[in-house]
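Open the model in your viewer and keep the sequence panel beside it. The stops below say what to select and what is found there.

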Amino acid sequence: MEPALEGAVQEGRKMSKRKRSVPGSPAESLLQPVKLSREELYKEPTNEELNRLRETEILFHSSLLRLQVEELLKEIRLSEKKKDRIGVFLREVNQCIKKVPSIPETELIDQAWLPAGVRVPLHQVPYTVKGSFCFLPPAQVTVVGSYLLGTCIRPNINVDMALTMPMEILQDKDLLNQRYFRKRALYLAHLAHHLARDPLFGSVHFSYTNGCHLKPLLLLRPRGKDEHLVTVRLYPCPPPNFFRPCRLLPTKNNVRSTWYQGQSHLGDGKPEPPTPHYNTWVLQDTALESHMQLLSTVLSSAQGLKDGVTLLKVWLRQRELDKGLGGFNGFLISMLVAFLVSTRKIHTTMSGYQVLRSVLQFLVTTDLTVNGISLCLSSDPSLPALADFHQAFPVVFLDSSGLLNLCADVTASTYHQVQHEARLSMVLLDSKADDGFQLLLMTPKPMVRSFDHILHLHPLSRLQAACHRLKLCPELQDSGGDYVSAVLGPLTTLLKQGLGSRLQLLAHSRPSVPEWNISQDPPKHKDCGTLTLGLLLQPEGLTSVLELGPEADQPEAADFRQFWGPRSELRRFQDGAIREAVVWEAASLYQKRLIPHQVVTHLLALHADIPDTCVHYVGGFLDALIQGPKETSSTGEEALTEAVRCYDDLSRLLWGLEGLPLTVSAVQGAHPVLRYTEVFPPTPARPAYSFHEHLRERASLLPRPDKPCPAYVEPMTVVCHLEGSGQWPQDAEAVRRVRAAFQLRLAELLTQQHGLQCRATATHTDVLKDGFVFRIRVAYQREPQILREVHSPEGMISLRDTPASLCLERDTKQLPLLTSVLHGLQQQHPAFSGVARLAKRWVRAQLLGEGVNDESLDLVTAALFLHPEPFTPPSSPQVGFLRFLSLLSTFDWKNNPLIINLNSELKAEEQVEIRSGFLAARTRLPVMVLITPQDHKGSVWTQDGPSAQILQRLVILAAEALPILEKQLMDPRGPGDIRTVFRPPLDIYDVLIRLSPRHIPRHRQAVDCPAASFCRGLLREPQPSSLMPVLGYDPPQLYLAQLREAFGDLALFFYDQHGGEVIGVLWKPTSFQPQPFKASSTKGRMVVSQGEELVMVPNVEAILEDFAVLGEGLVQAVEARSERWTV
């Protein structure tokens, strides 16, 4: 129907690079079953096929999953051709390294020998240190890491090379005071200077080993076309067994306070603080080859284990868990697989999928922050116990030596996040959903889309003061001055304690330190981006304004007061108890959702000297889009609740009415307000009489022509079902007349018995109650059945769906039921209302609200809460809206129905049956198919739209809006103009009709709220009104209806009903094709001669003039913006 929009989209869109299914015509690019001949269909399976089926049954839970896993592995593995090219490059690198010339011995602090074009890739603070350094070519160059194991994954291929430094360079006391790390850095600097001049390399840069500032490494990339083929990372390491292990235990100190702080702690009798992380970083370098040998022994003989490690790396990468210092990286997951093999929880015959499941199951059930694990089989009593490591590190996983904690850098928050993700993944795998593979391994989970609220700490330099306030000098000494790492653990512990029951999970993200040129100084800690925290909230405790403490006479009361500071106060409660308590200022639900912001800023200022100006909290920026005019402290939930309360009162009055011939059997709401999804909820209407004309005989008001358009008041639809009776007629027209009589009687009784202002018509009764207007529709349950009856000439009655019967059933049965179910969903998930309203606001702001009805958008939003995989249900409108955009832009609408399992009524078998029958019936179904338990096949709510072109446009707009919005929210300097993605692109329209704000009743609801608008004739004082306000009067909508009626065959019209000042017009290309002259179809056309024939073409100039004439007083200007309509 809308080829014009399709043409405009093709002209103006900028498709993202990732693959995405965009719906077009139903038959186009539709997945079709493969057709086999009868002989092929019944051919006996071969032995190979039988073995494969048996393997699939044992090692995978479905053939589809096996195929998906095999395709993924094929996609991310290196091809043999690329391996050969990488092998050649590695041999050349090896030769180049061995040719680097040696230098004579100098003092460590005498670095004058360094060439001008290279800097030491290490912060040398303090600069003075004992020892000497000379350069000799490495004693051995060894390839280590995932490349040799065959578990590296594309697109970024890294090959790690360990350079064993000769013994002559090192001394036994180099463990002390960063001497080893200084020599390591100087070794790299000399290498970098010589390799940078070699024509073999396209780039030579420094970087950090997993973000550790004491351990730089050198990155080499080939020159020319292979520049992006591989990155070789050079790791200098000491000779085997050079350092005595007993000096590197987690209880030992190797950084003296006298040297690091310039003062001695020994005079006061205190021992030197241990440096467990410092010791671990040295041990990591000594164990590179032994770890490689262990992994090679475990993985080399079992392809399934390699596949499992590869899949786990993809799993970690999609969840951003493997980034930077403290990340749960691919090396750790490989060692964990080796541990599970050693404990026989994984067998070498397992498939990659089974290895993935086994590791995830282990992560779910094992908390390494409480019970550490070890690869060490030795019972040597001189080895430290696991308890010693638990005192020094939050997460414990020992290697085969029993001395090195592989998880030394992993924080408790990161490990709990890994556990949380593993738990969600296991639920997904156990559900055996058809799209489980897609959700588990192919769906990215960026922090901004995974967590309800985001918190940026910026600038990082402020954390240095926090270290001193929290007395973390020993931790700073241990981390080599990295104050971000030092403060991270105490900071997250502080916030977890403060957020308490509001918090489900706290995660942190540190951006990876970018590589830098060898001629530059290494980046400082403060220049390494932003520390970002993600809060996953518990909806149950989120909105509580009270932190209840111990009773005043309890010893814990002092700790409570110390923790909360001046916010803690004594309060007497109704049970007589006097307790310490903290009360947060929050009146509306919008403010209560943001209580975590108050908690975080208070605790950080109190305990860490971090002012609120350095805390950039991202949790409620989008809420401004659904706040009413002049409303900044609420997003309308209270107004919606008030309207629902008024509806409940009215339904009780209807139930209790006396004098109706038939009793009321059910009262059901059928309006978005009553399911909490109306974008801007109604407020009690108190019309000013001076603003209207008064119809006394009907107790009604009319707009005055000399005044601006009055406020828009939309009646809320309520369906009132009457009991069945044998006296109901069996003729459709007679039923309509009886219903009309009931409508009149209903108005009389409500006025007589309850004094309500009513206005009855043949189809409904409008009731004014407490300033809200309800539109009551009487319904008879058998009426849709009567409308289906078709009488044949022979007197036979057959049942057949008709447009009238389907419409009536939808309005009186399905819509009230949907409203009731979504009302219940809102009670379970308080964020549902905000997400649905934001989604509608965005769709309507794109001028596409007319193409997608309310119910469709409500159901798509409900899917985010009922089927949130791989996430948890949203607890804030912000994250829910981001996921709405993601679902809209990435879901394959052409080849899949979106199943919304309301109340979990659809069983798994039924869902499988629905999906299997979908493709067979695809050409008869609408372009967007929404399945609910009450609507298995027809997709009732999308029968009338969106069209293929409208859906295509929505998909493209959502795909473009999502990355822009995510980037804004993750910007630590603030999101900037958050309304950018809500402003519609107007460049695709052929004509723009600009409207006068004077006659736009919802002008203040616009995306960019006007600074000033017109008075709409509402009184501020709450007082009862005895007159029915003007209902549903919206001049732009009435004008649109006239335009579509007059010019619907020539053009499409688009408008934002929430205060839009522009109507976008797209010409239909088919309507500009010359047509034969007919006297009956001259509307909007003119006669021209084409050759020897008279043909008719649209008279565009006259049509544009008609646009202005039809909207006289409402239309300010008509702009023709393109010449595409020229014949």
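Which residues does F328 touch, not counting residues up to four places away in sequence? Select F328 in this predicted model and show its surroundings: the residues touched are L316, L321, D322, I333, L363, C407, V410, T414, Y415 and V418. F328 itself lies in the loop between helix 11 (303–318) and helix 12 (330–342). Its relative accessibility is 2%, so F328 counts as buried. For a sense of scale, draw a line from F328 to A1011: the C-alpha atoms are 50 Å apart in space, and the two residues are 683 apart in sequence.

**Helix 5**

Colour I86, G87, F89, L90, V93, C96 and I97 to see buried residues of helix 5. An α-helix has 3.6 residues a turn, so residues three or four places apart point the same way.

Move on to Q111, in the loop between strand 1 (103–107) and strand 2 (132–135). Is Q111 buried or exposed? Q111 has a relative accessible area of 14%, and since the cut-off for buried is under 20%, Q111 is buried. Beyond its neighbours within four places in sequence, Q111 is in contact with V120, Q124, Y127 and L186.

Then select R154 and P155, which are joined by a cis peptide bond with omega of about 10°. P155 is placed in the loop between helix 6 (146–149) and strand 4 (158–164).

The UniProt annotation "domain: Nrap protein", from an unreviewed entry, covers residues 159–299, 305–443, 449–608, 623–827, 829–984 and 986–1117. Give each range a colour, then look at two of them. Residues 449–608 are 41% helix and 23% strand, with the end C-alpha atoms 28 Å apart. Residues 829–984 are 47% helix and 3% strand, and there the end C-alpha atoms are 30 Å apart.

Zoom in on H458 and P459. The peptide bond from H458 to P459 is cis, with omega near 5°. P459 sits in the loop between strand 10 (453–457) and helix 18 (462–469).

**The loop between strand 18 and strand 19**

Select V673, in the loop between strand 18 (664–669) and strand 19 (692–695). V673 counts as buried because its relative accessibility is 1%. Setting aside neighbours within four places in sequence, its contacts are L640, A643, V644, E678, P682 and M716. T641 is 32 residues from V673 along the chain, and their C-alpha atoms are separated by 9.0 Å.

Y676 lies in this loop between strand 18 and strand 19 too. At 9% relative accessibility, Y676 counts as buried.

D770, with a relative accessibility of 37%, counts as partly exposed.

**Helix 28 against helix 30**

Show helix 28 (residues 803–828) and helix 30 (residues 854–866), which pack at an angle of about 35° with their axes 11 Å apart. Their crossing is left-handed. Display side chains for L815, L818, L822 and L825 of helix 28, and for E855, D858, L859, A862 and L866 of helix 30, which make the contact. These residues divide into 7 nonpolar, no polar and 2 charged.

**I899**

I899 is buried, its relative accessible area being 6%. Apart from neighbours within four places in sequence, I899 is in contact with H867, L906, Q911, I914, R915 and I931. To finish, draw a line from I899 back to N94: they are 805 residues apart in sequence and 57 Å apart in space, C-alpha to C-alpha.

Definitions and conventions. Residues are numbered from 1 along each chain as its sequence is written. This is a predicted model: local features need pLDDT of at least 70, side-chain atom pairs count only at pLDDT 80 or more; totals for chains, interfaces and linings use all residues. Side-chain values use heavy atoms; hydrogens and water are left out. Buried means under 20% relative accessible area, exposed over 50%, partly exposed in between (1.4 Å probe, protein chains only). Helices (H or I, at least four residues) and strands (E, at least two) are DSSP runs, numbered from the N terminus. UniProt positions are given in the numbering used here, feature names are shortened, and annotations may be inferred rather than shown by experiment. Axes are lines fitted to C-alpha atoms, for helices over the stretch in contact, and angles run from 0 to 180 degrees between N-to-C directions. A crossing is left-handed if the near helix is turned anticlockwise from the far one by less than a right angle, and right-handed if clockwise. Contact means heavy atoms within 4.5 Å. Ala, Val, Leu, Ile, Met, Phe, Trp, Tyr, Cys and Pro count as nonpolar, Asp, Glu, Lys and Arg as charged, and the others, Gly among them, as polar.
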